[in-house]
Amino acid sequence: MRGSVRPAESAAGCSAVRCIAAVALVCAVLFLAHAVKAEEDPAALFRDGSNALREGRANDAISAFEALADRGFVDAAASLDRGLAYAMRVRMRAELPGDLGRATHAFEEARDLAAEPRIADEATRALGIVRSEIARRRMRAGLPAAVDPGRSLERTLAGLLAEDTWALLSIALSAALATGLFLRWLGKHPRVRIAGGVTAGVAAPGLAIALAMTLATRHDRLSTREAVVVNAGARPTDDRGISLQGATALPEGSRVEIVDARGAQTRVRFGAQDTWIATDALREIARRE
């Protein structure tokens, strides 16, 4: 009958449609898998963030570098670029609350993580600029301009050299002390014994200092946790989260040492001040494992 469709032709047509649908579904799945993989790839995120930063797209750069940080990617260059992205948004007058604090955090992190002097120098210079802007705003608001009280004397001295350097210095001074004592006790010539005594007398206090600094830097690396205040309204509270009357908010961008953490409240040390503040007002500084 003219115009009628044979069952075989109808089945073949349905089979072709199903094949096309199956191929389209496979292509869609592969495309989505590729997109997800690219999104999760740290190298791709870093590249996207760097391109956005060069093109002046601060929001896109921040999104990319924050996604990297959320994935636990720890890298000095990524932290530096994240800080530059936040600083760019401030400079573009599109600033959001906390941008200066987050820029400070990123620059502090980059300086701590940097193995290259160039990155450390850039982070230090950028940090000075951002903190100067924070201090200027605080002075204009009639608040104390001090943003960074600095580290304790012990941590400052320990930070003069790397942990491995202090350890090597301890070994060298230990060998010098042993040599001096050996010459002092077993030397046959008076001048040799005198030289041994002088060597031992100089090496002994140096060894004590080097050992103390080695232990201090090791403790700092393994136990000390630091953060940056990223909220301009981080007011001191008690351990229950109740604001302390008359207490001045910690400066945005200030670096603090974490003493204790209890959920929504974190106890921090800021210079000589020891207080509790809201945990969400802080951003911890990442450290290389």
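Predicted model: local features only at pLDDT ≥ 70, side-chain atom pairs only at ≥ 80, totals over all residues.
A residue counts as buried when its relative accessible area is under 20%, as exposed when that area is over 50%, and as partly exposed in between.

In one of them, the side chains of Glu 95 and Arg 137 meet at 2.9 Å, N to O. This pair links distant parts of the chain, since Glu 95 belongs to the loop between helices H4 and H5, while Arg 137 is part of helix H6, 42 residues away. Glu 95 has a relative accessibility of 31% and is therefore partly exposed; Arg 137, at 28%, is also partly exposed.

A second bridge joins Asp 112 to Arg 255, with 2.6 Å between the closest N and O atoms. Here helix H5, which holds Asp 112, is linked to strand S2, which holds Arg 255, across 143 residues of sequence. Asp 112 is partly exposed at 34%, whereas Arg 255 is buried at 10%. A further bridge, between Asp 274 and Arg 269, spans 3.8 Å, N to O. Asp 274 is partly exposed at 34%, and Arg 269 is partly exposed at 33%. Salt bridges that share partners also build one network, which includes Asp 112 and Arg 255 together with Glu 108, Arg 111, Arg 131, Glu 226 and Arg 287.

Helix H5, residues 99-113, also contains Gly 101. Gly 101 is buried, with a relative accessible area of 0%. Beyond its neighbours within four places in sequence, Gly 101 is in contact with Val 228, Val 229, Val 230, Glu 252 and Gly 253. The C-alpha atoms of Gly 101 and Val 230 are 4.0 Å apart, although 129 residues separate the two in sequence.

A search of the whole structure finds 1 aromatic pair. Phe 46 and Phe 65 are arranged edge-to-face, with 5.9 Å from centre to centre and 80° between the planes. Because Phe 46 lies in helix H2 and Phe 65 in helix H3, the pair ties together parts that are 19 residues apart in sequence. Phe 65 is buried at 1%, while Phe 46 is partly exposed at 25%.

Helix H8 has 24 residues and reaches 34 Å from its first C-alpha to its last, close to the expected 34 Å. Its buried residues are Glu 163, Trp 166, Ser 170, Leu 173, Leu 177 and Gly 180. Leu 186, by contrast, lies in H8 but is exposed at 57%. Together with Phe 182 and Trp 185, Leu 186 forms a nonpolar surface patch of about 420 Å² of accessible area.

How values were computed
Residues numbered from 1 in each chain as written. Heavy atoms only, no water. Patch = residues over 30% accessible without salt bridge, like charges linked within 9 Å, V, L, I, M, F, W, Y side chains within 5 Å. Areas by Shrake-Rupley, 256 points an atom, 1.4 Å probe, with all protein chains shown as cover. Salt bridge = Lys/Arg side-chain N within 4 Å of Asp/Glu carboxyl O. Helix = DSSP H or I, 4+ residues; strand = E, 2+ residues; numbered from the N terminus. Buried < 20%, exposed > 50% of the residue type's maximum accessible area, 1.4 Å probe, protein only. Phe/Tyr/Trp six-rings, centres within 6.5 Å; stacked < 30°, edge-to-face > 60°. Contact = heavy atoms within 4.5 Å. Expected span 1.5 Å × (residues − 1).
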